[in-house]
Amino acid sequence: MSSNDITIRYFAWMREHTGTSSEVIALPEGVTNVEELVPFVTKQSAGHATALADMMAVRVAVNRTYGDLGTAISSGDEIAFFPPVTGG
């Protein structure tokens, strides 16, 4: 892992679509928040595009703290995407 890398984690059905529970990628130049990262991630594969197609149905955490599309990201961060948690 280089100093410019980030870790992206996927949970539940998102993991099934992407085919992985996590991946390490270089933080794209000019990307400073989650919203700017999403278009880059969706270009990885059709499964990635499906997993992140409806960001209103996706929750985000950066470094294990809940966030949103405006949450800042930087090199070394861990970004997690997961579906809403429901209880019963």
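Trainee: What makes the radius of gyration of this chain agree with that of a compact globule?

Mentor: This is a predicted model, and for 88 residues the globule rule gives a radius of gyration near 12 Å; the chain has 12 Å, so the two agree. Along its principal axes, the C-alpha trace spans about 40 × 25 × 20 Å.

Trainee: Why is a set of residues here called a nonpolar core?

Mentor: The name asks for buried residues of the nonpolar kinds, joined through side-chain atoms within 4.5 Å, and buried means under 20% relative accessible area. The largest such core has 20 residues, and I8, L37, L52, I73, I79 and F81 are those with the most contacts inside it. Strand 1 (5-10), helix 2 (34-42), strand 3 (59-62) and strand 5 (78-82) each supply at least two of its residues, and helix 2 gives the most, with four. In soluble globular proteins, nonpolar side chains tend to be buried together.

Trainee: Which residues does I79 touch, leaving aside those up to four places away in sequence?

Mentor: Contact requires heavy atoms within 4.5 Å, and by that criterion I79 touches I6, T7, I8, R9, L37, V60, A61, V62 and I73.

Trainee: How do you know what share of the contacts links residues 24 or more positions apart?

Mentor: Among contacts with a separation of 6 or more, such pairs account for 54%.

Terms used: Residues are numbered from 1 along each chain as its sequence is written. This is a predicted model: local features need pLDDT of at least 70, side-chain atom pairs count only at pLDDT 80 or more; totals for chains, interfaces and linings use all residues. Side-chain values use heavy atoms; hydrogens and water are left out. Buried means under 20% relative accessible area, exposed over 50%, partly exposed in between (1.4 Å probe, protein chains only). The radius of gyration is taken over C-alpha atoms; the globule rule is 2.2 Å times the number of residues to the power 0.38.
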